[in-house]
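Here is a short briefing on a structure, meant to be read with the sequence and the 3D view side by side. Please keep both open while working through the points.

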Amino acid sequence: MPGDVIIRLENVTKTYTMGAVEVHALRGVTLSFTQGEYVSIMGPSGCGKSTLLNLLGCLDRPSAGRYELGGSELSLLDDDMLSEIRCGRLGFIFQSYNLIPQLNVIENIGVPLYYQGRPERESLEMAAEFAERVGLSERLHHRPYELSGGQQQRVAIARALVNDPLVILADEPTGNLDSASGTEILSILDDLNKQGKTLIMVTHDEHIADRSMRVVRLRDGEVVSDVWN
Amino acid sequence: MSGTETAFNDVALRPRLSFSYLQRTIRMGFRSLWTHRLRSLLTVLGIVFGVASVIAMLAVGEGASYEAQEQIRRLGSNNIILRSLKPPEEDKVSTTRSFVVEYGLTYADIERIRATIPGVQVIVPARIKRDYVWRIARRVDCDILGTVPWYAELHDVTMQQGRYFTTSEMKRSLNVCVLDSAMAYELFPLDPAVGGSVRVGREYYRVIGVMKPETRQADEAAAQGGSNGGSTSASYQMYIPLTAAKNRFGETLLKRRSGSIEAEKVELHQATVRVSRQEDVVETAAIIADLLDRVRKKKDYEIVVPLELLRQAERTKQIFNVVLGSIAAISLLVGGIGIMNIMLATVTERTREIGIRRALGAKRHDIVVQFLIETVILSCSGGLVGVVLGVSVPLLIERFANMVTIITPWSPPLAFSISALVGTVFGIYPAVRAARMDPVEALRHE
Ligand SMILES: Nc1ncnc2c1ncn2[C@@H]1O[C@H](COP(=O)(O)OP(=O)(O)OP(=O)(O)O)[C@@H](O)[C@H]1O
Ligand SMILES: [Mg+2]
């Protein structure tokens with residue numbers, strides 16, 4: 001599928017220093033993602049998938065290399081600017097849902113809007129709209145512990161969508177779910193991609209990877225294969 | 001997705017701290033605290049009791065010092081009070097030789113003060129004798145004060161019924177008397193006291209007035225620690241003209257004292273000197289002391305200057321306030337440390353929440369504001385409850401312990417703002433610690 005390049009990584013490395021030991025989580029990754037892509041990142045445990053996703057999500061900074069998002073170089077930005085980018089351009093979906101326990105469904109979905117400084121009325125309306133889109137309009141005022149895992153993950157998806165991000169980053173989104181609710185979540189993600197959202201997803205499951213357009217495989221912090229289905 | 005197209009164009013437009021943002025953050029703070037109600041309650045108890053005890057103790061202290069100052073003021077800030085005092089050492093020697101102890105202020109002393117010291121306005125001499133006062137079969141143990149008509153004016157005596165005795169009654173040394181209200185009630189429970197008569201020894205006295213209870217002289221004795229020649233003052237008082245006291249009782253008084261009988265020769269037990277200008281009071285007291293010492297071998301009197309007592313009371317109050325201030329500071333400090341301790345634990349416990357919020361776009365200062373607001377909510381609500389408690393406790397004390405309490409108007413707002421300040425100061429460190437967390441680490445936290 002043709003599109004503009006929205007993410008460009010050039011020779012990105014990430015090194016953790018733990019006392020005298022240096023862990024090279026990423027050793028020179030060069031990748032680019034275009035608008036509307038659906039990418040799976042695979043590889044054995046500890047190969048650096050999550051590290052890569054955190055870098056893409058501006059939660060962490062590369063030790064070296066260039067990272068461009070939507071045409072702007074990010075390594076020079078300060079912490080507040082990175083927060084603003086996360087707030088306005090990125091959506092996260094985590095393996096363990098990561099909802100805020102004291103907030104109800106609609107409030108959880110509205111958190112990114114709150115940090116955007118949107119008026120409360122507007123953000124509640126938007127949150128309700130996105131809750132409906134993931135099929136949770138009956139559950140707007142439930143707290144996370146009152147929901148099943150699949151429902152919680154749907155809340156997390158709605159939350160990732162509510163700020164209309166450039167890219168959605170998902171780290172093993174079905175890792176904690178049984179196959180039925182996993183399939184449900186994946187079909188939501190498929191739909192999103194069909195509507196034009198760019199999706200980058202870490203997974204261990206070959207079947208899940210088969211649904212995507214492109215599979216990037218990592219090993220020991222290096223890209224070993226990058227194939228289009 | 002048409003409505004959300006503008007989403008990231010206006011991202012950077014958010015003002016750093018808008019009113020609605022603060023409002024929502026405060027609401028969210030309340031929600032988080034409400035989730036852990038019991039913990040929040042226990043956390044603020046330190047502040048609650050700190051604030052409450054400051055206000056309550058200030059109120060009680062203020063009330064006590066007001067009462068003391070009122071009592072002293074009733075003695076008159078322009079007055080100097082002289083009292084006869086039995087010299088302690090002379091006591092043993094002289095009682096073995098002569099039966100009668102002679103000491104105290106004399107009429108000559110009074111005359112000398114009047115004649116030589118300028119600026120002295122009124123001098124009220126008084127004799128005090130303790131005896132039984134009878135009315136038919138009713139008997140009352142009381143202090144009988146022989147004094148002068150202008151005593152009433154000098155001591156702000158106000159009458160409940162009747163009048164005080166006059167100069168002509170004193171000149172003629174008539175047997176008239178004024179009773180205090182409690183005594184009047186004791187002796188005349190059913191009929192009016194004024195117009196009736198009471199008996200002391202073999203003499204009858206006509207009652208011409210009853211004075212209001214709050215103007216009794218017993219207050220004086222209380223204010224001065226009751227140093228009245230060793231004898232305790234009776235709870236009832238009766239006033240007669242000085243001349244009558246002199247003529248009827250004579251110069252020598254017999255005192256009943258734990259079984260034995262003592263004879264004393266005292267001309268005057270007490271004299272009150274009024275000085276016209278308040279600035280001169282202390283100096284005049286020194287001159288009087290000089291004057292009196294010149295004609296005596298031993299110190300058989302004491303000088304009480306109410307103005308000095310007043311100043312002393314004010315100094316005591318200042319010290320009290322300093323002590324109170326330190327206690328308040330310490331208790332609020334302890335309360336603040338308690339809050340900080342809990343907030344640090346809360347921050348650790350909510351590490352994951354912090355990570356989530358950061359991932360969803362919270363800036364560092366958003367996290368700081370969030371936790372700081374929670375701390376401030378805690379300490380302010382603690383302060384508020386403390387103020388309510390601190391204001392109601394003195395009211396209860398006043399009602400049930402019969403003490404005067406005065407809530408100084410500035411103490412509740414001051415205590416409250418200190419508690420708010422404590423919350424802010426002790427909230428900063430946990431909040432900053434929360435904001436410093438690395439988002440990735442925080443998200444990984446279990
Ligand atoms: N904060 C850190 N400090 C030190 N080393 C780290 C840190 N985070 C990750 N690593 C190391 O970096 C490497 C890559 O970790 P990463 O979490 O990216 O693996 P992963 O591919 O996501 O594994 P999994 O599939 O098990 O989630 C690992 O060897 C890990 O030990
Ligand atoms: Mg991982």
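How many residues of chain A are in contact with how many residues of chain B? In this predicted model, 41 residues of chain A are in contact with 38 residues of chain B.

**The interface between the chains**

- The size of an interface is often given as the accessible area lost when the parts come together.
- Between chain A and chain B the buried area is about 3,700 Å², and carbon and sulfur atoms give 53% of that area.
- Of the area that chain A buries against chain B, 22% is supplied by Gln102(A), Tyr114(A) and Tyr115(A), which is more than any other three residues supply.
- Five salt bridges are found across the interface of chain A and chain B, and there are 15 residue pairs in polar contact between these chains, counting pairs in which both residues have pLDDT 80 or more.
- On the side of chain A that touches chain B, the elements giving two or more residues are helix 2 (79-89), helix 3 (105-116) and helix 4 (120-133) of chain A, and the largest share, eight residues, comes from helix 2 of chain A.
- A salt bridge joins the side chains of Arg364(B) and Asp79(A), with an N to O distance of 3.6 Å.

**Salt bridges within the chains**

- Side chains of opposite charge can pair when their charged atoms come close.
- Over all chains, a search of the whole structure finds 35 salt bridges.
- In chain A, Glu184(A) forms a salt bridge with Arg154(A), and their closest N and O atoms are 3.5 Å apart.
- This pair links distant parts of the chain, since Glu184(A) lies in helix 6 (residues 179-194) of chain A and Arg154(A) in helix 5 (residues 149-161) of chain A, 30 residues apart.
- Glu184(A) has a relative accessible area of 35% and is therefore partly exposed, whereas Arg154(A), at 12% relative accessibility, counts as buried.
- In chain B, the salt bridge between Arg350(B) and Glu353(B) has its closest N and O atoms 2.9 Å apart, and both Arg350(B) and Glu353(B) are buried.
- Another salt bridge in chain B brings together the side chains of Arg444(B) and Glu441(B), at 3.8 Å from N to O.
- Both Arg444(B) and Glu441(B) belong to helix 15 (residues 439-444) of chain B, where they are three residues apart, about one turn of the helix.
- Arg444(B) is exposed, with a relative accessible area of 55%, while Glu441(B), at 46% relative accessibility, counts as partly exposed.

**Aromatic rings**

- Over all chains, the search of the whole structure finds seven aromatic pairs.
- In one of them, the rings of Tyr151(B) and Tyr164(B) have centres 6.3 Å apart and planes at 10°, so the pair is stacked.
- Tyr239(B) lies in strand 9 (residues 236-241) of chain B, so its pair with Tyr151(B) ties together parts that are 88 residues apart in sequence.
- Tyr151(B) is buried, with a relative accessible area of 2%, and Tyr239(B) is buried, with a relative accessible area of 0%.
- One aromatic cluster is formed by Tyr151(B), Tyr164(B), Phe165(B) and Tyr239(B).
- The charged end of Arg139(B) sits over the ring of Tyr132(B), 3.9 Å from the ring centre.

- Arg296(B) is in the loop between helix 10 (281-294) and strand 13 (301-304) of chain B, and at 15% relative accessibility Arg296(B) counts as buried.
- The side chain of Arg296(B) reaches the backbone oxygen of Gly104(B) at 3.0 Å, and a polar contact of 2.6 Å joins the side chains of Arg296(B) and Asp300(B).
- Ser20(B), in helix 1 (residues 19-35) of chain B, is partly exposed, with a relative accessible area of 38%.
- The C-alpha atoms of Ser20(B) and Tyr107(B) are separated by 83 Å, and the two residues are 87 residues apart along the chain.

Key: Residues are numbered from 1 along each chain as its sequence is written. Chains are lettered from A and ligands numbered from 1 in the order in which they are written. This is a predicted model: local features need pLDDT of at least 70, side-chain atom pairs count only at pLDDT 80 or more; totals for chains, interfaces and linings use all residues. Side-chain values use heavy atoms; hydrogens and water are left out. Rings of Phe, Tyr and Trp (its six-membered ring) pair if their centres lie within 6.5 Å; planes under 30 degrees apart count as stacked, over 60 as edge-to-face and the rest as tilted. Helices (H or I, at least four residues) and strands (E, at least two) are DSSP runs, numbered from the N terminus. Buried means under 20% relative accessible area, exposed over 50%, partly exposed in between (1.4 Å probe, protein chains only). A charge sits over a ring if NZ of Lys or CZ of Arg is within 6 Å of the ring centre and within 35 degrees of the ring normal. Contact means heavy atoms within 4.5 Å. Buried area is the accessible area (1.4 Å probe) that two parts lose on being put together, summed over both. A salt bridge is a side-chain nitrogen of Lys or Arg within 4 Å of a carboxyl oxygen of Asp or Glu. A polar contact is a pair of N or O atoms within 3.5 Å; within protein, one must be able to donate a hydrogen and the other to accept it, and residues adjacent in sequence count only if both atoms are side-chain atoms.
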